[in-house]
Amino acid sequence: MRVLVTGAGGQLGRDVVAAYEEAGHDVLACGRKELDITNLDQCQRVMTAFQPDCVVHCAAYTAVDAAESDIDGAYLVNAVGTRNLAVSSEQAGAKLIYISTDYVFDGKGNVPYYEYDAVSPESVYGQTKHAGERLTQSLCSRWFIVRTSWVFGLHGANFVKTMLKLSRDKPVLQVVDDQKGSPTYTVDLAVFLLELSQTEKYGIYHATNSGACTWYEFTQAILEDAAEQLHWPVTARLEPCTTAQFPRPAPRPAHSVLEHMSIRTNGFKDLPPWREGLRRFLLAMQHDPELYLN
């Protein structure tokens with residue numbers, strides 16, 4: 001299979017490229033230099049030249065707080081850029097996998113969200129990602145929308161790396177304990193995307209590591225497992241706090257656990273538990289933690 005990956009230099013994109021290459025597929029890895037997704041002509045030229053069977057669209061504007069003031073910039077990448085890829089994928093006869101987010105929900109409930117529950121994004125970031133979903137659905141005939149959350153991987157900045165650094169540098173570490181979701185290891189998500197793309201089982205999927213926790217509980221696990229696996233020098237005292245204690249420009253969904261009904265009903269194997277994914281992530285860091293933290 002010929003696969004084009006956007007955002008190939010990013011946290012998820014790098015693991016997606018690796019998963020497809022290890023499976024023996026022909027991959028065109030496109031970072032910003034190779035493909036400006038906001039340029040429709042360039043998208044069409046690249047698609048025509050490569051003729052992919054599948055496009056895995058990992059590129060996105062993910063600066064959640066910055067999007068609140070950079071509305072046009074966020075829509076340009078997440079909506080217009082996705083429109084360009086949707087049009088170009090359809091012209092090339094390629095499947096399109098659009099990576100979306102738990103931020104399309106307001107997070108005001110207390111039960112997991114199903115794939116076809118009504119969306120109600122409160123942040124600009126969530127609104128732009130929902131716009132990308134709608135454009136994917138309306139402009140493509142062969143599409144997968146995969147919503148995920150709390151992503152962490154070896155490449156790029158993420159919550160796990162931030163907590164590791166802060167835990168050795170600060171005397172007290174306060175972490176929000178009233179937002180609940182599901183951490184997702186990029187390697188596990190990439191494996192699922194690889195499997196999904198080789199089927200005709202189109203539609204909306206929720207794909208996170210299984211289980212759920214608060215950010216505080218996630219941090220507890222990070223520090224416990226890092227101390228055991230990496231002999232990490234934790235100096236900080238961990239304390240729970242509320243979202244209100246740390247106001248941010250963009251509202252966060254308080255409860256954004258995603259139900260995996262589509263994975264079950266379409267016969268796919270669910271992603272492993274998040275704690276297992278965390279331990280494998282730390283194991284992958286083991287030979288040189290500082291290399292990945294800098």
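**Entry 1: the cavity**

I looked up the largest cavity in this predicted model, and its volume is about 40 Å³. A cavity here is a set of points on a 1 Å grid over the protein atoms alone where a 1.4 Å probe fits but cannot get out. The volume is the space filled by probe spheres set on those points, which are joined across faces, edges and corners. I counted one cavity of 30 Å³ or more by this rule.

Which residues line the largest cavity? I found Y103, F105, D106, E122, S123, P251, R252 and P253, where a lining residue has an atom within 4 Å of a point. I sorted this lining into four nonpolar, one polar and three charged residues. For the classes, Ala, Val, Leu, Ile, Met, Phe, Trp, Tyr, Cys and Pro count as nonpolar, Asp, Glu, Lys and Arg as charged, and the others, Gly among them, as polar.

**Entry 2: a note on the model**

I number residues from 1 along each chain as its sequence is written, and side-chain values use heavy atoms, with hydrogens and water left out. The model is predicted, so local features need pLDDT of at least 70 and side-chain atom pairs count only at pLDDT 80 or more, while totals for chains, interfaces and linings use all residues.

**Entry 3: α4 and its partners**

Next I turned to helices, which are DSSP runs (H or I, at least four residues) numbered from the N terminus. The axes of α4 (residues 71–92) and α5 (residues 124–139) come within 9 Å and cross at roughly 15°. That makes α4 roughly parallel to α5, a label for angles under 35 degrees. Axes are lines fitted to C-alpha atoms over the stretch in contact, and angles run from 0 to 180 degrees between N-to-C directions. By class I noted eleven nonpolar, six polar and three charged residues in the contact of α4 with α5.

I then saw α2 (residues 40–50) pack with α4 at an angle of about 30°, with axes 9 Å apart. This pair is therefore roughly parallel too. On the α2 side, the contact is made by L40, C43, Q44 and M47.

**Entry 4: α6 and α8**

How do α6 and α8 lie, roughly parallel or roughly perpendicular? Their angle is about 65°, with axes 10 Å apart, and they are therefore roughly perpendicular to each other, the label for 65 to 115 degrees. Their contact has nine nonpolar, two polar and no charged residues.

How values were computed:
Helices (H or I, at least four residues) and strands (E, at least two) are DSSP runs, numbered from the N terminus. Angles under 35 degrees count as roughly parallel, over 145 as roughly antiparallel, 65 to 115 as roughly perpendicular and the rest as oblique. On a 1 Å grid over the protein atoms alone, a cavity is a set of points where a 1.4 Å probe fits but cannot get out, and a pocket is an open set with protein on both sides within 12 Å along at least five of seven lines; lining residues have an atom within 4 Å of a point. Contact means heavy atoms within 4.5 Å.
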